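Reader: Hi! Could you walk me through this one with me? I'd like to chat about charged pairs and then pockets.

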Amino acid sequence: MDIKVWMYLVYLAVSIGLTVWVARALTRNGMIFLEEVFGDERLARAVNNLLVVGFYLLNLGYVTVAMRHSGAIGSTSRAMEELSLKIGLVLLVLGALHFFNVFALGRYRHSRLRQLATHPPLPPVGRLPMQQHAYPAAPHGQVTGTADPTPPPR
């Protein structure tokens, strides 16, 4: 086998290994965050599984698209340079996907908590007494906001 085939094999092994390792770490450690975001363990587990599937599809799709190299690989050092570039790009894609997920879920969590915060943070200490006439009477001829059946004198 020539150097290019070995480079492809190493690239696939490292990229798939990194993808599986990161996906397992995110699944295990992200569950607590998702439970906090959604407030429901079943929903958090379902979303976690869907995120992992999407993560695998996006990352492994990128790995296979980025595997192609049209130029000739003349030496082992050139193969290592290409390999490091390709694996570095895979790591950047992994990081970008992770950042996007955390950002989107954090925004969702923030809006959900804002919607749940409908009550005041402290209970009221007391109540104000109700007044019979909260507003002073308007002078004759001014509009008070209520319909007056009698017309003003001319």
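Reader: How far apart in helix 3 are E82 and R78?

Author: In this predicted model, E82 and R78 sit four residues apart in helix 3, so about one helical turn separates them.

Reader: Nice. Is E82 buried or exposed?

Author: E82 is buried, at a relative accessible area of 9%.

Reader: How many salt bridges turn up in the whole structure?

Author: Four, from a search of the whole structure. One of them joins R109 and E36 through their side chains, at 3.2 Å from N to O.

Reader: Which parts does that R109 and E36 pair tie together?

Author: R109 belongs to helix 3 and E36 to helix 1, so the pair connects parts that are 73 residues apart in sequence. Both ends are partly exposed: R109 has a relative accessible area of 29%, and E36 has 39%.

Reader: Got it. Why can side chains like these pair at all?

Author: Side chains of opposite charge can pair when their charged atoms come close.

Reader: What about E41, which residue does it form a salt bridge with?

Author: That would be R45, and the closest N and O atoms of the two are 3.2 Å apart. E41 and R45 are both in helix 2, four residues from each other, so they are about one helical turn apart. E41 is partly exposed, with a relative accessible area of 46%, and R45 is partly exposed too, at 39%.

Reader: Switching to pockets: how much space lies in the largest pocket?

Author: About 260 Å³. There are 15 residues lining that pocket, and the closest to its centre are L26, G30, L51, H98 and N101.

Reader: Which helix gives the most to the lining?

Author: Helix 1 does, with seven residues. Each of helix 1 (3-38), helix 2 (41-66) and helix 3 (76-116) supplies at least two residues of the lining.

Reader: Last one! How do the lining residues divide into nonpolar, polar and charged?

Author: Ten are nonpolar and five are polar, while no charged residue is part of the lining of the largest pocket.

Technical notes: Residues are numbered from 1 along each chain as its sequence is written. This is a predicted model: local features need pLDDT of at least 70, side-chain atom pairs count only at pLDDT 80 or more; totals for chains, interfaces and linings use all residues. Side-chain values use heavy atoms; hydrogens and water are left out. On a 1 Å grid over the protein atoms alone, a cavity is a set of points where a 1.4 Å probe fits but cannot get out, and a pocket is an open set with protein on both sides within 12 Å along at least five of seven lines; lining residues have an atom within 4 Å of a point. Grid points are joined across faces, edges and corners, and a volume is the space filled by probe spheres set on the points. Ala, Val, Leu, Ile, Met, Phe, Trp, Tyr, Cys and Pro count as nonpolar, Asp, Glu, Lys and Arg as charged, and the others, Gly among them, as polar. Buried means under 20% relative accessible area, exposed over 50%, partly exposed in between (1.4 Å probe, protein chains only).
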